[in-house]
Amino acid sequence: MDTPAAHTAHRHHAGHPHPADDPHHPAPSPRRWWVLAVLCLAQFMVILDVTVVNVALPVMGDELGLGRAASTWVVTAYTLCFGGLMLLGGRLADTRGRRAVFLTGLAVFTAGSLGSGLAGSETALITARAAQGVGAAMLSPAALSILTTTFHGPERNKALGVWAGLGGAGAAVGVLVGGAFTDGPGWEWAFYVNVPVGIALAVAVPLLVDAGIGRSGGRIDVPGALAATAAVAALIYGLVRAGDQGWGDPGTWAAFAAGIALAAAFVAIERSVAEPLVRLPAHGRRAVLSGNVVMLAATGLLLSFFFLSSQYMQRTLGLGAFDTGLVFLPVAVAIGLGSHLAMHVVTRHGGRPAAIAGFILAGLGALLLARVPDDGSAWAHVLPGFLVASLGLGATFVAATTTALAYVAPDDAGVASGLVNTGHELGATLGIALMSTAAASSLDARAIPMPTGGIGTAFVAAAAAAGTMAVLAGLLLPGGPPPETDRPMFAH
């Protein structure tokens with residue numbers, strides 16, 4: 001049996017001393033597993049709010065008089081600020097202290113949650129959702145940075161494995177929670193529930209996490225941060241507008257052009273400043289970039305599957321919000337199982353085979369979902385394909401996070417985690433925008449039940465995208481297992 005003691009002995013005989021015997025690393029904190037629990041709770045709360053409004057949005061729209069554009073921004077204001085400010089949040093964590101940035105982000109996120117629940121107009125609600133995104137952009141990379149500097153060696157690998165499974169599972173549970181509150185005490189409670197959790201975390205974190213200090217002499221690359229944020233914001237705005245106005249809309253392409261120009265400005269700034277926002281060693285750039293490409297694609301596929309399946313079940317099959325959420329519960333289990341299996345594969349063979357297999361399964365699941373009939377059953381026609389796809393996508397999350405963090409030094413853990421989470425949020429918006437366009441013939445229909453032709457087309461497109469990513473993963477991801485050093489990585 002592969003016990004912890006046997007695993008430690010194996011590493012010792014292989015020439016890898018235990019972290020406790022290594023003078024370069026502090027003794028492990030006796031509170032480290034409580035730290036992991038607290039950090040994961042915070043991240044889970046943040047990920048929930050990416051999807052928690054999806055099933056509640058029709059009721060919110062009726063009560064607040066939201067039009068189509070306003071409804072879109074209720075969802076995307078959060079993702080826009082979350083993804084757009086993630087790099088800045090990661091650099092702040094590296095240079096201004098991880099715990100301080102975490103607590104600041106937690107306070108802003110909790111206040112935004114309270115404001116979302118109290119909102120009585122579309123302007124107030126969209127503003128509060130944006131505040132949630134700003135808080136999440138500080139909280140999330142700081143939390144992952146704390147994790148990667150609290151754990152060492154094989155324990156860090158296990159901790160990161162738990163973290164990697166939160167993204168997909170949080171998306172699934174978020175839909176269930178949104179449905180439960182919408183059918184129960186009201187959609188407002190999907191936001192109110194964050195308030196006591198945020199207060200509890202604000203009390204627990206100072207007791208468990210050392211204050212620490214930022215990197216000596218660290219400066220914030222403000223021009224780079226602004227250019228990066230504006231570039232991501234313009235790109236996401238273009239994607240959102242494309243889903244609403246169509247790909248032929250001049251405003252859509254103007255937003256894309258602005259995003260490209262701002263991205264070019266960001267690159268120019270990073271090459272000219274003494275302390276750039278993204279400062280990664282040359283040998284790690286391929287890993288970070290390829291890991292983020294995998295993360296973007298995996299999240300885009302998963303969130304678009306939730307979006308399309310929810311539309312089909314509610315508008316074609318007539319399920320309620322809570323019943324729709326119940327169908328998604330096994331999906332969360334499958335994502336967790338896929339993540340667990342992938343940790344074993346990544347340790348022995350690296351992220352490349354895990355990502356390839358994961359995208360192949362996602363493509364097969366999409367093809368099953370493409371066959372949903374007009375008079376189908378959620379359990380018979382949605383769940384089987386979604387389970388296959390989610391098992392594979394759970395594996396790709398682990399492969400992406402492993403690859404992106406495996407070669408990053410501790411001083412850059414914050415910005416690297418910010419890049420990973422930026423890929424996550426951008427992927428969510430990209431996937432939903434693209435798939436909603438592919439499914440336009442169904443989603444634009446006013447008939448109830450909704451016709452399924454466009455839904456099938458969108459899932460076929462998703463299958464093609466997954467197949468393409470399986471090929472790209474084989475070409476882009478580094479081969480072999482991650483290096484056995486005390487850097488952020490996954491291990492058995």
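Reply: Helix α11 covers residues 194–208, which is 15 residues. From its first C-alpha to its last it reaches 20 Å, close to the 21 Å expected at 1.5 Å a residue (the expected span is 1.5 Å times one less than the number of residues). A helix here is a DSSP run of H or I of at least four residues, and a strand a run of E of at least two, numbered from the N terminus. The model is predicted: local features need pLDDT of at least 70 and side-chain atom pairs 80 or more, while totals for chains, interfaces and linings use all residues. Residues are numbered from 1 along each chain as its sequence is written, and side-chain values use heavy atoms, without hydrogens and water.

Which residues of α11 are buried? They are N194, V195, G198, L201, A204, V205 and L208 (buried means under 20% relative accessible area, exposed over 50%, partly exposed in between, with a 1.4 Å probe and protein chains only). The cover over these buried residues includes α2 (32–51), α6 (98–118), α7 (122–150) and α10 (189–192).

Two of these covering helices, α2 and α7, also pack against each other. Their axes come within 10 Å and cross at roughly 155 degrees (axes are lines fitted to C-alpha atoms, for helices over the stretch in contact, with angles from 0 to 180 degrees between N-to-C directions). The two helices α2 and α7 are therefore roughly antiparallel (over 145 degrees; under 35 is roughly parallel, 65 to 115 roughly perpendicular, the rest oblique). On the side of α2, the meeting residues are R32, V35, L36, L39, A42, Q43, V46 and D49. On the side of α7, they are R129, Q132, A136, L139, S140, A143, I146, L147 and T150. By class, this contact of α2 with α7 has 10 nonpolar, four polar and three charged residues (Ala, Val, Leu, Ile, Met, Phe, Trp, Tyr, Cys and Pro are nonpolar, Asp, Glu, Lys and Arg charged, the others, Gly among them, polar).

Leaving aside neighbours within four places in sequence, A131 is in contact with V108 and G112 (contact means heavy atoms within 4.5 Å). A131 and V108 are 23 residues apart in sequence, yet their C-alpha atoms are 6.6 Å apart in space.

The residues of the contact between α15 and α16 divide into five nonpolar, two polar and no charged.

For α16 (residues 351–369) and α17 (residues 378–405), the axes come within 7 Å and cross at roughly 160 degrees. That makes α16 roughly antiparallel to α17. The contact of α16 with α17 has 16 nonpolar, eight polar and no charged residues.

A342 lies in α15, which spans residues 321–349. With a relative accessible area of 3%, A342 is buried. Not counting residues up to four places away in sequence, A342 touches A354, A395 and V398. A342 and G392 stand 50 residues apart in sequence and 9.1 Å apart in space, C-alpha to C-alpha.

F459 is found in helix α20 (residues 453–476). F459 is buried as well, with a relative accessible area of 2%. Apart from neighbours within four places in sequence, F459 is in contact with F305, L308, S309, A366, L369 and A370. From F459 to A439 is 20 residues in sequence and 8.5 Å in space, C-alpha to C-alpha.

Helix α5 (residues 86–96) is mostly covered, with eight of its 11 residues buried. These buried residues are M86, L87, G89, G90, R91, A93, D94 and T95. Just after α5, G97 takes a positive phi of about 105 degrees.

Finally, the whole chain may be considered. Its secondary structure comes to 20 helices and zero strands. Of its 492 residues, 55% are buried. Among contacts between residues at least 6 apart in sequence, 84% join residues at least 24 apart.
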